[in-house]
Amino acid sequence: MKRPGLLVGIIVAIAALLAIPASAEELCIACHYKQTPNIVKDWEKSKHGDYGVTCYVCHKAGDDEYGEDHHGYRITPVVSPKKCAQCHEYEYETFSKSKHAFAAINGPLMPWYKAMTSQGLNPLDPNTARQNPPRDYIRDKVTPLYPASGIFAKTGLLDEINHENQVLGCMECHGSYVYYDGEKLQGWPNIGIGRINPDGSLGSCASCHTQHQFSIKEARMPETCGKCHLGYDHPQIEIYESSHHGARYMADEENWNWEAKPWKVGVDFSSPTCSVCHMGGIADSSGKVIVQSTHDVGAMLKWEIQGPFNTYQSSNPNKAVGYTPDEKLANENRERMKKICQACHSPNWVDGYFESYEKVLADYDKTAKYAKDLLQRIYDEGLADPSNPIDEFPEMMWYYIWHHEGRRWRMGASMMGPDYTHWMGAVDTVMDKLGRMIDWYETQKRIRGEVPALSTAPDSSTAPLTPPANNAVVAQGVADATTSQTISLPKNVRFVELTAGSFAVLAALALAGRLRGSG
């Protein structure tokens, strides 16, 4: 049984008596065994502890790294993937090509990254960050990750709030920019998956292999991915938990051999987790590798389904610059994914599922195009102002269509989550968000005194509505929503459109009348 705390304490005491200097490792463990015992206990349980990879091996600051004087040793608190690459080179190389590595650049830091690039500066040079602080630049930007800034700008609150949700919200998962500004380490602490490190590298291995056990079991468990992949806009963990795969995992995972490499289907595990489908490294029952392991989580994906429209995957994951959909690469990725699926399912089953999945993607794209064209029509007709992209009702509906409900529609289909595909996906996208958007547009047209001809002729120009004489009917026919047939109204009936708010007022008045009557 390991007892490094006691052992090192004895060694340090003897060294002191004999005037023999103790090693950095011995001093680290002896001190941290008292100050942060859980860190040492985790290290004891780790493969690092088994193989003698001690504190100073990882925390010793190199010449190109940020370092602090710590009891006579120059150490860095920011252990970057470049440091891990000293032993895990393949993992570092494949991770560096992944969307995970670019999660901060593709997300919260994209406006700043683009601005620095346009000025001919190197965004990964800490000097660029020191001279042009990223947080100051993005603080008031309206972006898909910071949509609330649109309303803050409209209300005049944009300059008054701290925007700290950008740090403890977005950057907790996407990653921050960590650099020394001459006084303090900015962007720290952070273990976001796409963190920009002081040595210019991207990412944080500790995002999935948390300190200091760096467990392969933890990284393979879907709950680890679910720390970030959850919620309204990308509910992958909820979809997984509601799927057959997730149900099988929850029923059987205590019997799995989590540490095995490669991971043998039906022997070491019985149902795919996130890492199986996105990182491979699995083998058949004989140990023959089916798909090689990778830390590029997009290597098995044909489609990028997070954006407003579906695109093929790109060999360059940097969406700020250079992202180019590559159909050849996308199809190669699909073949790798099929091999993973066929470890449990027949080829016909797999082909049939992907065929249906791609039809779902096509349906979403058609819906999204209609919604985007409608928003452009709203701009063209002067019903909304495009200068602030997310501060008016139709703009917010378009945002939710692609960023929330539309993602759930697509992701539910990709991960076998029926309820997310249909009710929380397609139905909410079409009936709720697009339906509201259409209703808003038609209401604005009526207020202008124009005919809202959207549902019958989307591309036709609108004509002014001639006010009816006396009690003439405003609308002689109303399209039935379920049959698309025309219903004729009696000539003595006025047609009045009631909004949800109008119904609420009428209901309240009716209730009040009943209460007075019963009194």
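Visitor: Leaving aside its neighbours within four places in sequence, which residues is Gln236 in contact with?
Guide: Keep in mind that this is a predicted model. Gln236 is in contact with His229, Leu230, Met411 and Met415, once neighbours within four places in sequence are left aside. Gln236 is found in helix H16, residues 236–241.

Visitor: Is Gln236 buried or exposed?
Guide: Read the relative accessibility. Buried means under 20%. Gln236 has 16%, so Gln236 counts as buried.

Visitor: And Gln376: where is that residue found?
Guide: Gln376 is found in helix H20. Its relative accessible area is 37%, so Gln376 is partly exposed. Look also at Pro386. Gln376 and Pro386 are ten residues apart in sequence. Their C-alpha atoms are 9.0 Å apart in space.

Visitor: Let me step back. How many helices and strands are there in the protein chain?
Guide: The protein chain has 23 helices and eleven strands. Of its 519 residues, 39% count as buried. Contacts can be sorted by sequence separation too. Take those between residues at least 6 apart in sequence: 51% of them join residues at least 24 apart.

Visitor: Now helix packing. What describes two packed helices?
Guide: Two values: the angle between the axes and the distance between the axes. Take helix H20 (residues 347–380) and helix H22 (residues 418–447). They pack at an angle of about 20°, and their axes are 11 Å apart.

Visitor: What does that angle say about H20 and H22?
Guide: Angles under 35 degrees count as roughly parallel. H20 and H22 are therefore roughly parallel to each other. Their crossing is left-handed.

Visitor: Which residues make the contact between H20 and H22?
Guide: From H20 come Thr367, Tyr370, Ala371, Leu374, Leu375, Arg377 and Ile378. From H22 come Thr429, Val430, Leu434, Met437, Ile438, Trp440 and Tyr441. By class, the contact of H20 with H22 has eleven nonpolar residues, two polar and one charged.

Visitor: H20 also meets H19. At what angle do the axes of H19 and H20 cross?
Guide: At roughly 130°. Helix H19 covers residues 327–341, and the two axes come within 10 Å. That angle makes H19 oblique to H20. H19 passes H20 in a right-handed crossing.

Visitor: Which residues of H19 and H20 meet?
Guide: On H19, they are Arg334, Met337, Lys338 and Cys341. On H20, they are Val350, Asp351, Phe354, Tyr357 and Glu358. The contact of H19 with H20 divides into five nonpolar residues, no polar and four charged.

Visitor: On to sheets. How do strands of a sheet pair?
Guide: Through backbone hydrogen bonds, either parallel or antiparallel. Here, an open sheet of three strands has the order S5-S6-S7, and its pairing is mixed. The edge strands are S5 (263–264) and S7 (289–291), each pairing on one side only.

Visitor: How many bridges join S5 to S6?
Guide: Two, and the strands run parallel. Strand S6 covers residues 282–283.

Visitor: Where is phi positive in a residue other than glycine?
Guide: His71 is one of these cases, with phi near 55°. Its place is the loop between strand S1 (68–70) and strand S2 (73–75). His163 has phi near 60°. That residue lies in the loop between helix H12 (148–155) and helix H13 (165–174).

Visitor: Are His71 and His163 buried or exposed?
Guide: His71 is exposed, with a relative accessible area of 66%. His163 counts as buried, at 4% relative accessibility.

Conventions
Residues numbered from 1 in each chain as written. Predicted model: local features only at pLDDT ≥ 70, side-chain atom pairs only at ≥ 80, totals over all residues. Heavy atoms only, no water. Axes fitted to C-alpha atoms, helices over the stretch in contact; angles between N-to-C directions. Helix = DSSP H or I, 4+ residues; strand = E, 2+ residues; numbered from the N terminus. Parallel < 35°, antiparallel > 145°, perpendicular 65-115°, else oblique. Left-handed = near helix turned anticlockwise from the far one by under 90°. Contact = heavy atoms within 4.5 Å. Nonpolar A, V, L, I, M, F, W, Y, C, P; charged D, E, K, R; others polar. Buried < 20%, exposed > 50% of the residue type's maximum accessible area, 1.4 Å probe, protein only. Pairing = 2+ DSSP bridges.
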